[in-house]
Amino acid sequence: MNEPDRLSVHRTPLIYVIFIGGAADKESFLWGNVKLPFDQRRPHYMTYHLARRFHFRLRKYLQTAYAISPSMINQYYRCDYLSYSEVFYRDARRYEPDNLSMRIEAPAFQRLLQNIGSQTQVFIVGHSLGAWNGAHLSHLLAAHGISCRYLITLDPVGYGNHDFPLAGHLIRQAKIYPLVPVPVCANWINIRGFHIRLRHHCYSRTWRNWVSWAGGQWLVKDAQSQSQLLANEATSLPHHWVEEMFNYPTQLGYSANTALQQEIATIVRQSGLVPA
């Protein structure tokens, strides 16, 4: 693994997992070109480390459980790490959620499509603003005839502050979609982190929770007909505890991490890749 944004190299894999980081994850700024007053010297790469751990654990699992060679895994599996801004396309900024016939010409989106073949199964894992834009990405892919097999949103942020219009201007300047996402996916797991509620005197001593408060957590209530919300967990985990959210035991009896691995294992078994 030589590049922080590319964990394997194959143009049209059977399995394509996209991890999308939030503010200051892959980039050293929060809202567009507005600098953070703290931790602005370098990105923290939280989602990258999550993707990296998942990537190598999955490879080891496939080699051990199914005796699939590393070269075969490289051929049929790809895992990428992107920033929320890399899945924001300005020609789709004001798209209508009911519109599944739009066409996006943005070069970044066209490059993403090059990684997806007719048989590719797409998985999206996003954190914070990356979860918000990742949910939108599932919709944009559907508009181009590409289905998302699994969407995992970890404490999605982008709704706008619930208590005050504190971040209204910053939200408008951010590289995020202004409308509430309408995910289009076969399976969806949402894990919400600690939720600050000023009116109920529910505060936090963790400053990262105030960051998610300022941006506005997406308080998912239910899913529309375009997606199946398998689990919607409200936790007290801090906003930056990405690994813990990914491994949080859901109402399904297992974590989002386990669900993702099991789904990929199902694809592997059904595809005939397992040696006889």
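Predicted model: local features only at pLDDT ≥ 70, side-chain atom pairs only at ≥ 80, totals over all residues.
**Y89 and F109.** Next I checked how their rings meet. The centres are 5.0 Å apart and the planes stand at 70 degrees, so I logged the pair as edge-to-face. The two residues come from distant parts of the chain, 20 residues apart: Y89 sits in the loop between β2 and α3, F109 in helix α3.

**Other rings.** I counted aromatic pairs and got 12. I found both F88 and Y177 buried. I also found F19, F54 and F246 in one aromatic cluster.

**Strand β2.** How many residues of β2 (residues 77–83) are buried? I get seven of seven. I then sorted the strand by direction. Y77, C79, Y81 and S83 point one way, while R78, D80 and L82 point the other way. Side chains in a regular strand alternate between the two faces of the sheet.

**Partner of β2.** I traced the pairing with strand β1 (residues 15–21). The two strands run in the parallel sense, over seven bridges. I20 stands opposite L82 in β2.

**A charge over a ring.** Last, I looked at Y81. K26 lies over the face of Y81, 5.4 Å from the ring centre.

Terms used: Residues numbered from 1 in each chain as written. Heavy atoms only, no water. Buried < 20%, exposed > 50% of the residue type's maximum accessible area, 1.4 Å probe, protein only. Helix = DSSP H or I, 4+ residues; strand = E, 2+ residues; numbered from the N terminus. Pairing = 2+ DSSP bridges. Phe/Tyr/Trp six-rings, centres within 6.5 Å; stacked < 30°, edge-to-face > 60°. Lys NZ or Arg CZ within 6 Å of the ring centre and 35° of its normal.
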